[in-house]
Amino acid sequence: MKNWKRLLALLLAGAMALSLFACKSGDSTESPSPSADPSEEVSANPNADPSATPEIVADLSQGVLEFSAGMSAGDTALTVNGEDVPADLFLYWLDYNCYYFMSYYGMFGLSLSDYASDMIEESVYFCVSQTLLRQKAAELGCLPTDAQVKEAQDSLDDETREMLQSGYGLSDDSINVLILSNAYYDNLLAALTHEPDEQELDEYLDSLGVFAVKHILLKTTDDSNQPLPDDQIAAKKAQAEDLLSQLQGASDLEAKFDELMNEYSEDGGLATNPDGYVFSANDSLVGGFREATLELEIGGLSGVVETDYGYHIMLRLPLTDETKAEYGANFRADALEGLVRQWEDAADVTRADALSTLDPEDFYNRLTVYQQALYGEEEGVG
């Protein structure tokens, strides 16, 4: 059960949290790949270190939410259009957001204390959005079916349910809200959005700045991103010009490009991206790479393009049917997100006074200590 906290967060966040309700923060790190590969990031321990907070001693005679936040599961955290959101749901999402933040940004020395208001706001948004989806589904008559309810219930085993109750303080009603979130989302997605036609999809892709590309990279920096000696840089440029000449004379450009790319490219991401990259305007790319690619027609070959990482030769690719299908799904998700934003703007949301004094970092540390005491450090959240 090691890392069960992370696994539960992923289980209960599901497609909803990873699409419509995902945190909006991103990494702007540049890489010669030519973009950062999140799978290669090294994550710090995202959980609080009990040794750093020796004053916190878990009192298991108290309930987990009483100990960690001074609240009870049934306390009202928010009201959305007159419907109460209980504290246990809000605190579940607060813990999720704190965990997410520390997983991705703790390694850079960022502290929850500096982003406390962001943690609260993200958690409010999760709760408000979930509530609005349920309200709209009821209004439109697209509530979860019996089959969806059964599937959601069957997906949660007794051990996980007990953890949610004892380790998070969630009531049965709140657990049901969480596990049915994807059903509400899917039903509204079907009811309120449509598959884009070809023109709509093309316009959507253009608005996102989506393009596909292969490239050959001859690096002019070492593993520490320091420039190579001048004579080596000159040799790399000469080699790039020779490769370009071979490509310009090829009868089958793409086949020749693949041959030379696989033999000579020093792109660290080539092994995991042998068919090229798909980028959008949100991706952080080394300066000059995007601009040079977008100047090309589909199937077009660039000249030798110099960036801070070296010399590139780009081949712009058509978007595959698979990529278009993925963005087609994103088109519908973005359409529903836009509706949720409208509903949120029009919603009557009231926050409990307790939220204004809640310290996310203290809550997260206390919850972690309590969970470790409850389950043991080896099987807890470490």
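The following numbered points comment on a predicted model of a protein chain.

1. Confidence. The mean pLDDT of the protein chain is 86, and 84% of its residues reach 70 or more. Two stretches call for caution. Over residues 1-32, pLDDT stays under 50, and the model has 91 contacts beyond four places in sequence for this stretch. Over residues 36-46, pLDDT again stays under 50, with 16 contacts beyond four places in sequence. Where pLDDT is low, the predicted coordinates should not be read in detail.

2. The largest nonpolar core. This core has 62 residues. Those with the most contacts inside the core are Leu-78, Phe-90, Leu-91, Leu-94, Leu-170 and Leu-358.

3. Leu-94 and its surroundings. Apart from its neighbours within four places in sequence, Leu-94 is in contact with Met-119, Ile-120, Ser-123, Leu-358, Pro-360 and Phe-363. Leu-94 and Leu-358 are both among the residues with the most contacts inside the largest core.

4. Three strands form an open sheet in the order 2-1-7, with antiparallel pairing. Strand 2 and strand 7 (349-351) stand at the edges with a single partner strand each, so one side of each has no neighbour in the sheet. On average, neighbouring strands of this sheet are turned by 25° against each other, direction ignored. Helix 3 lies across strand 1 and strand 2, and runs at about 55° to strand 2.

5. Pairing around strand 1. Strand 1 (residues 76-80) and strand 2 (residues 83-86) run antiparallel and are joined by four bridges. These two strands form a hairpin with two residues between them. In the turn, Asn-81 has a positive phi of about 50°. Strand 1 also pairs with strand 7 in the antiparallel sense, over three bridges. Thr-79 illustrates both pairings: its bridge partner in strand 2 is Asp-84, and Thr-79 stands opposite Thr-350 in strand 7.

6. Another open sheet consists of four strands in the order 4-3-6-5, and the pairing is antiparallel. Why does one side of strand 4 and of strand 5 lack a neighbour in the sheet? Strand 4 (277-279) and strand 5 (305-307) stand at the edges, and each has a single partner strand. Neighbouring strands of this sheet are turned by 45° against each other on average, direction ignored. Helix 10 (residues 230-248) packs on the sheet and touches strand 3 (211-219) and strand 6. The direction of helix 10 makes about 25° with that of strand 6.

7. Strand 3 and strand 4 run antiparallel and are joined by three bridges; Ala-212 has Val-278 as its bridge partner in strand 4. Strand 3 pairs with strand 6 in the antiparallel sense over eight bridges, and the bridge partner of Leu-217 in strand 6 is His-312. Three bridges join strand 5 to strand 6 (residues 310-317), which run antiparallel. Here Val-305 stands opposite His-312 in strand 6.

8. The two faces of strand 3. In a regular strand the side chains alternate between the two faces of the sheet. From strand 3, Phe-211, Val-213, His-215, Leu-217 and Lys-219 point one way, whereas Ala-212, Lys-214, Ile-216 and Leu-218 point the other way. Are these residues buried or exposed? All are buried, and strand 3 is mostly covered, with nine of its nine residues buried.

9. A helix pair. The axes of helix 9 (residues 198-208) and helix 13 (residues 321-346) come within 10 Å and cross at roughly 85°. Helix 9 is therefore roughly perpendicular to helix 13. From helix 9, the contact involves Glu-200, Leu-201, Tyr-204, Leu-205 and Leu-208. Helix 13 contributes Lys-324, Tyr-327, Gly-328, Asn-330, Phe-331 and Asp-334.

10. Leu-374. This residue is found in helix 15 (residues 360-375). Leu-374 counts as partly exposed because its relative accessibility is 32%, between the limits of 20% and 50%. Not counting residues up to four places away in sequence, Leu-374 touches Leu-60, Ser-166 and Gly-167. Leu-374 and Ser-166 are 208 residues apart along the chain, while their C-alpha atoms are separated by 8.4 Å.

Conventions:
Residues numbered from 1 in each chain as written. Predicted model: local features only at pLDDT ≥ 70, side-chain atom pairs only at ≥ 80, totals over all residues. Heavy atoms only, no water. Core = buried A, V, L, I, M, F, W, Y, C linked by side-chain atoms within 4.5 Å. Buried < 20%, exposed > 50% of the residue type's maximum accessible area, 1.4 Å probe, protein only. Contact = heavy atoms within 4.5 Å. Pairing = 2+ DSSP bridges. Axes fitted to C-alpha atoms, helices over the stretch in contact; angles between N-to-C directions. pLDDT = per-residue confidence, 0-100. Parallel < 35°, antiparallel > 145°, perpendicular 65-115°, else oblique.
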